[in-house]
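Dear colleague,

I am passing a structure over to you, and below it you will find some notes on what turned up in it. Please read them with the structure open beside you.

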Amino acid sequence: MQEFTISKNEAGLRFDKYLAKLLDKAPQSVIQKSLRKKNILLNGKKADGSDKTQLGDRVQIYMRDETIAMFRGTDPAAKGRSETAVSGSAGKKASGKPSIRVPILYEDEHVLVLNKPAGLLSQKAKPGDVSVVDFVLDHYAGKPHDPSELFVPGICNRLDRNTDGLMLAGMSLAGSQELNRIVKDRSLQKFYLCVVEGTVTKPDVLKGFLRKDVKTNKVSISEDPDLGEAIETEYEPVSANESFSVLKVHLITGKTHQIRAHLASIGHPLVGDSKYNKSAGKQGRPLLHSWQMHFPQMQGTLEHLSGRIFEAPIPEDILTFIKEENLHI
């Protein structure tokens with residue numbers, strides 16, 4: 001028998017979800033059978049998996065040590081160091097430090113607000129990549145925390161590799177859940193700054209349907225609801241000349257390449273966007289910046305962030321282009 005104790009960052013999960021993380025190599029059918037046969041108990045009592053875990057709860061698993069180690073992917077010899085041995089990579093320091101530092105604009109025990117540089121992936125595309133996720137894991141590993149917990153910090157929004165600016169990461173289970181909620185229900189308002197080709201003088205709200213081609217990693221915009229997912233993009237001009245416009249874009253839905261493809265579909269592709277702008281060439285990057293995030297009114301864990309507005313500094317390449325074209329922000 002081995003016993004595990006629910007930590008702060010494991011509290012609030014459904015018991016079956018917790019067990020799926022703890023015994024991540026075990027088939028779900030085995031976990032359910034073990035619950036039914038009382039081989040897995042919660043605080044010494046039978047549980048059906050729907051219970052919500054609470055801080056300090058005790059989880060007893062009546063299996064051979066070798067079986068538990070197999071279901072956790074751990075070395076049985078490591079069991080002696082603690083009965084709450086680390087599972088997976090949750091308690092390990094990320095392997096190697098990211099080669100590019102990600103500036104932290106705000107931090108508390110639940111949230112990181114980051115300013116991602118252009119050229120850095122949000123998450124790995126292949127082994128060996130350096131990403132914002134690696135930075136978050138490495139940063140968390142250097143903080144005081146229970147090394148036995150199953151919680152893994154993670155990003156709550158993503159940006160294209162060549163888009164810079166605001167990203168959010170959850171540094172606690174409660175923080176991650178709340179951030180993911182406000183991103184999903186769109187109560188978190190996200191604003192971008194971009195430079196497009198052509199003269200834009202009036203604000204507008206664009207609606208359509210987006211479909212992604214996985215082979216080309218490119219999306220297309222249609223007015224046919226059968227040809228993609230619904231998207232909505234709002235923009236207003238900040239400044240314009242005869243050739244270019246600076247836009248503030250409210251990303252109402254958040255799909256792959258949405259801003260880039262949606263603006264291109266109305267004849268205003270982003271400057272430097274070789275994927276959606278035929279005249280851009282292969283130099284530079286799309287002049288797109290994740291500029292501001294407006295937090296909604298909240299209660300509970302993130303109540304202290306209610307109504308807060310975070311803004312990432314506009315990068316030098318966008319400022320230089322705007323100045324050279326006699327535009328302004």
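Helices (H or I, at least four residues) and strands (E, at least two) are DSSP runs, numbered from the N terminus. Helix α1 (residues 15-22) is where D16 is found. The model is a predicted one, in which local features need pLDDT of at least 70 and side-chain atom pairs count only at pLDDT 80 or more, while totals for chains, interfaces and linings use all residues. Residues are numbered from 1 along each chain as its sequence is written, and side-chain values use heavy atoms, with hydrogens and water left out.

Not counting residues up to four places away in sequence, D16 touches Q28, Q32 and G49, where contact means heavy atoms within 4.5 Å. D16 and S50 are 34 residues apart in sequence, yet their C-alpha atoms are 6.6 Å apart in space.

Helix α4 (residues 132-141) is largely enclosed by the rest of the structure, because seven of its ten residues are buried. These buried residues are V132, D134, F135, V136, D138, H139 and Y140, and what covers them includes β5, β6, β7 (154-155) and β8 (164-170).

In the loop between β5 (104-107) and β6 (111-116) lies D108, which is buried yet has no salt bridge, the nearest side chain of opposite charge being that of R308, 7.3 Å away. A salt bridge here is a side-chain nitrogen of Lys or Arg within 4 Å of a carboxyl oxygen of Asp or Glu; Lys and Arg count as positive and Asp and Glu as negative, whereas His and the chain ends are not counted. The side chain of D108 does form a polar contact of 2.6 Å with the side chain of H304, and also reaches the backbone nitrogen of V111 at 2.8 Å. A polar contact is a pair of N or O atoms within 3.5 Å; within protein, one must be able to donate a hydrogen and the other to accept it, and residues adjacent in sequence count only if both atoms are side-chain atoms.

Lastly, T253 sits in the loop between β13 (244-251) and α6 (258-265) and is buried, with a relative accessible area of 4%. The side chains of T253 and Q258 are joined by a polar contact of 2.8 Å, and a polar atom of the T253 side chain lies 2.9 Å from the backbone nitrogen of E232.

With best wishes

Definitions and conventions: Buried < 20%, exposed > 50% of the residue type's maximum accessible area, 1.4 Å probe, protein only.
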